[in-house]
Amino acid sequence: METAAPSAVIVAIDGPSGTGKSSTSKAVAAKLGLRYLDTGAQYRAITWWMISNGVDTDDAQAVAVAAGKPSIVSGTDPAAPTITVDGLDAAGPIRTQEVTSKVSAVSAVPEVRTLITELQRSIAAEAARDADGIVVEGRDIGTTVLPDADLKIFLTASAEARAARRSGELRGKEAADLAATKAALIKRDAADSGRKTSPLAKAGDAVEVDTTELTLDQVIECVVTLVEEKRAGRR
Ligand SMILES: Nc1ncnc2c1ncn2[C@@H]1O[C@H](COP(=O)(O)OP(=O)(O)O)[C@@H](O)[C@H]1O
Ligand SMILES: Nc1ccn([C@@H]2O[C@H](COP(=O)(O)OP(=O)(O)O)[C@@H](O)[C@H]2O)c(=O)n1
């Protein structure tokens, strides 16, 4: 029988785009010696595969039929997270504007969610068994993927702050102005929150942290403290 390491801790971090999930989760996992899983990268990876293979991402049935074809593998070292699709490094291609604009449609398809959720649960189970635990970040981790997580965090921030953070990242690459970034972000949030299957939502037992006025270091510190309190309570 598979048993978790006695001290293993499972942390779920959810929230909309630009609230700081990836940066916070990676740093917290690195500080505490936990593994790290970016579930958004997995949805981006399957979207990239659909685009590369000529599947119309607005055709939910075509996406459902193809969903099982790509093999998506996530590396969970927080110092160097990786993502491959059919053995190809997908870290760069999954961050293009094209993938970003199509990922909400693909991730709303129930067959896609079933497959990716299974993958996420197996990665979390392995981290609980073979390591000290994992920080998993996404949209539905606390509500659906890992409802029994030891700690659930829901990050929020104003749309203005999130758009400013995102357009800061894009500058010099695919330069988008602040208003366009904000509009695209609000549109994606609405699609992610409004879908039928496993929408973006705060779990009833999640701790909400508004990051609008906090520095990244303050958010990391806050989450590290919450994880340490959780661990101490179980000793
Ligand atoms: N509290 C914060 N204050 C300022 N910038 C932040 C903060 N948290 C994250 N950032 C920056 O905002 C951008 C988006 O953060 P990221 O962690 O990718 O968010 P998410 O995973 O929620 O989309 C990154 O460039 C990151 O460095
Ligand atoms: N657990 C998750 C994670 C991401 N997603 C989808 O994947 C997209 C990309 O997620 P992401 O975390 O990479 O997005 P950003 O926060 O980086 O903008 C989201 O907009 C959702 O459509 C999801 O449906 N469920």
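Two strands are taken to pair if DSSP finds at least two bridges between them. Helices (H or I, at least four residues) and strands (E, at least two) are DSSP runs numbered from the N terminus. The model is predicted: local features need pLDDT of at least 70 and side-chain atom pairs count only at pLDDT 80 or more, whereas totals for chains, interfaces and linings use all residues. Residues are numbered from 1 along each chain as its sequence is written, and chains are lettered from A and ligands numbered from 1 in the order in which they are written.

Two open sheets are described here, beginning with the antiparallel one. β4 is joined to β5 by 2 bridges, with the strands running antiparallel, and T84 has D89 of β5 as its bridge partner. Strand β3 (residues 72-75) is likewise antiparallel to strand β4 (residues 82-85), through 4 bridges; here G75 is partnered by T82 in β4. A hairpin is formed by β3 and β4, with 6 residues between them.

The parallel pairing of β1 with β6 extends over 6 bridges, and A12 stands opposite V136 in β6.

Nonpolar cores were defined as sets of buried Ala, Val, Leu, Ile, Met, Phe, Trp, Tyr and Cys residues joined through C-beta atoms within 7 Å; a residue is buried if 20 or more other C-beta atoms, placed from the backbone, lie within 10 Å of its own. The largest core has 32 residues, and those with the most contacts inside it are I10, V11, I134, V135, V136, L146 and I153. Elements giving two or more residues to this core include β1 (9-14), β2 (35-38), α5 (110-130) and β6 (133-138), and the largest share, 5 residues, comes from β1. Apart from neighbours within four places in sequence, V136 is in contact (C-beta atoms, placed from the backbone, within 7 Å) with A12, L37, T39, Q120, A124, I141 and L146. A second, separate core contains 22 residues, including A41, A67, V99 and V103.

Ligand shells were assigned by the position of the C-beta atom, placed from the backbone, within 6 Å of the molecule. Ligand 1 has 15 residues around it, of which G20, K21, S22, S23 and R165 come nearest. Two or more residues are given to this shell by each of α1, α7 (159-170) and α9, with α1 giving the most, 3 residues. Ligand 2 is surrounded by 15 residues, the closest being S17, G40, Y43, S107 and G138. Here the contributors of two or more residues are α2 (39-52), α4 (97-107) and α8 (178-194), and the largest share, 5 residues, comes from α2.

Note on methods:
Buried ≥ 20, exposed ≤ 12 C-beta atoms within 10 Å, placed from the backbone. Contact = placed C-beta atoms within 7 Å.
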